[in-house]
Amino acid sequence: MINRPNSVQQLLRSEYWRSQIREEYIYIAETDHILIQPVPNRAIEGSPMGHIFNYMGPNPAHAPIIQKVWPEGGKDAYKKVQPIGPSPVIIHRRDLEKIVESWRETAVALKTDRAADAALGWVIEMWGYA
């Protein structure tokens, strides 16, 4: 699935984003996330805060996939990818604006690659973000 990066990209291109959303920090979450207490904002510009997902940890089987979409990361790039997805995340608006294009492009590249799609499955857009 690549719905989230696509929808965030559309929001950031909208007049609504430019004229109505004034907050410095944006909270992105899935509709099934339930908050039972306030979430502290530990993000700073240049360093978003996201939830760590243990199922996205370094996996040598993902090395060729990660190298395809992130060649500048080197042969050990799969070890450098943070095990986070974009949900939940608290991110500074300028950081979100900086990464949204590459998040979407990477998610699309992964989704349209048969090997990547088979290996990463439903977490493909999370890998695109990470």
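Guide: Let's begin with A43, which sits in the loop between β1 and β2. Helices (H or I, at least four residues) and strands (E, at least two) are DSSP runs, numbered from the N terminus. Please keep in mind that this is a predicted model, in which local features need pLDDT of at least 70 and side-chain atom pairs count only at pLDDT 80 or more, while totals for chains, interfaces and linings use all residues. Residues are numbered from 1 along each chain as its sequence is written, and side-chain values use heavy atoms, leaving out hydrogens and water.

A43 has 6% relative accessibility, so it counts as buried; that word means under 20% relative accessible area, with exposed over 50% and partly exposed in between (1.4 Å probe, protein chains only). From A43 to R22 there are 21 residues in sequence and 17 Å in space, C-alpha to C-alpha.

V39 also lies in the loop between β1 (25–28) and β2. With 42% relative accessibility, V39 counts as partly exposed.

Now for the rings. A pair of aromatic rings is described by the distance of the centres and the angle of the planes. Rings of Phe, Tyr and Trp (its six-membered ring) pair if their centres lie within 6.5 Å; planes under 30 degrees apart are stacked, over 60 edge-to-face, and the rest tilted. The count by this rule is three aromatic pairs. One of them is the tilted pair of Y55 and W122, with 5.6 Å from centre to centre and 45° between the planes. This pair links distant parts of the chain, 67 residues apart: Y55 belongs to the loop between β2 (49–52) and α3 (63–69), and W122 to the loop between α6 (114–120) and α7 (124–129). Y55, at 41% relative accessibility, counts as partly exposed, whereas W122, at 62%, counts as exposed.

W103 and Y129 make an edge-to-face pair, 5.3 Å centre to centre with 80° between the planes. W103 is in helix α5 (residues 93–111) and Y129 in helix α7, so this pair ties together parts that are 26 residues apart in sequence. Both W103 and Y129 are buried. Ring pairs also join F53, Y55 and W122 into a cluster.

How far can you trust the picture? The protein chain averages a pLDDT of 93, and 99% of the residues score at least 70; pLDDT is the predictor's confidence in each residue, from 0 to 100.
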